[in-house]
Amino acid sequence: MTLRQNLRQGYYDKETMDAAKLDIYRIKDRSQAEDQPVLNLAIVINWRYDEAYVLTEPNTQLQAADTLRIYWQDTVQQQQGYHEYIPGNKEKHYQFASQVYNSLQDKQQLYIMSPAGEKIPILARREEREAFRITMMDYYRLVDLY
């Protein structure tokens, strides 16, 4: 069974890049807002090699910085920290997406910092959190990590 047969394709918009032999899946329920910071994911299937990987897709509000830094805060455990992503290879995408996914699972509040030092919520709406969470769950299932 190939990877493409394991993905719930009906929940995703599909983009095919024939020359590269890639299918890119983006969950239909994702936010496409440009007036606020948005972090989405895409599942990429390389059908030439029967492999898959996850890509982080920040919107234009988040793409301006060299490093994407998400501040997380756990108000129950009184802990906080940062998840940092510097654009790079597919392993860096996966590590960052997994860290954010774990923060969502732990119900942590997530923010980006404005240049003025103001905390701006990210993945704050239930729909945005669910789109991110479901995409990661589907990716984990697709590659047998869950």
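Which residues do ring pairs link into a cluster? Ring pairs join Y94, Y101, Y139 and Y140. The exercises below build up to that cluster and beyond.

Before starting, note that this is a predicted model, where local features need pLDDT of at least 70, side-chain atom pairs count only at pLDDT 80 or more, and totals for chains, interfaces and linings use all residues. Residues are numbered from 1 along each chain as its sequence is written, and side-chain values use heavy atoms, with hydrogens and water left out.

**Exercise 1. Describe the aromatic pair of Y101 and Y140.**

Step 1: Rings of Phe, Tyr and Trp (its six-membered ring) pair if their centres lie within 6.5 Å; planes under 30 degrees apart are stacked, over 60 edge-to-face, and the rest tilted. A pair of aromatic rings is described by the distance of the centres and the angle of the planes.

Step 2: Start with the total, which is 8 aromatic pairs in the structure. One of them, Y71 with Y82, is tilted, at 5.5 Å centre to centre and 55 degrees between the planes. Y71 sits in strand β5 and Y82 in strand β6, so this pair ties together parts that are 11 residues apart in sequence. Helices (H or I, at least four residues) and strands (E, at least two) are DSSP runs, numbered from the N terminus.

Step 3: Check burial. Buried means under 20% relative accessible area, exposed over 50%, and partly exposed in between (1.4 Å probe, protein chains only). Y71 is buried at 9%, while Y82 is partly exposed at 40%.

Step 4: Now for Y101 and Y140, which make an edge-to-face pair with 5.3 Å between centres and 80 degrees between planes. This pair links distant parts of the chain, with Y101 in helix α3 (residues 90-105) and Y140 in helix α4, 39 residues apart. Y101 is buried, with a relative accessible area of 4%, and Y140 is buried too, at 8%.

**Exercise 2. Follow R69 to its partners E84 and Y82.**

Step 1: Recall that a salt bridge is a side-chain nitrogen of Lys or Arg within 4 Å of a carboxyl oxygen of Asp or Glu. R69 makes one with E84, and the closest N and O atoms are 2.5 Å apart.

Step 2: E84 belongs to strand β6 (residues 79-85) and R69 to strand β5 (residues 68-74), so the bridge ties together parts that are 15 residues apart in sequence. E84 is partly exposed at 41% relative accessible area, and R69 is partly exposed at 41%.

Step 3: Look at the ring. R69 lies over the face of Y82, at 4.2 Å from the ring centre. A charge sits over a ring if NZ of Lys or CZ of Arg is within 6 Å of the ring centre and within 35 degrees of the ring normal. K119 does likewise over Y111, at 4.7 Å from the ring centre.

**Exercise 3. How many salt bridges does a search of the whole structure find?**

Step 1: The search gives 10.

Step 2: Pick out a couple more. D23 and K14 meet at 3.8 Å, N to O; D23 is buried, with a relative accessible area of 1%, whereas K14 is partly exposed at 45%. R125 and E128 meet at 3.4 Å, N to O; R125 is partly exposed at 41%, but E128 is buried at 8%.

**Exercise 4. Find which residues line the largest cavity.**

Step 1: Define the space. On a 1 Å grid over the protein atoms alone, a cavity is a set of points where a 1.4 Å probe fits but cannot get out, and lining residues have an atom within 4 Å of a point. Grid points are joined across faces, edges and corners, and a volume is the space filled by probe spheres set on the points.

Step 2: Count and size. There is 1 cavity of 30 Å³ or more, and the largest cavity has a volume of about 40 Å³.

Step 3: List the lining, which is I27, R30, L39, N40, L41, E128, A131, F132 and T135. The elements giving two or more of these residues are β3 (39-46) and α4 (126-142), with the largest share, 4 residues, coming from α4.

Methods
On a 1 Å grid over the protein atoms alone, a cavity is a set of points where a 1.4 Å probe fits but cannot get out, and a pocket is an open set with protein on both sides within 12 Å along at least five of seven lines; lining residues have an atom within 4 Å of a point.
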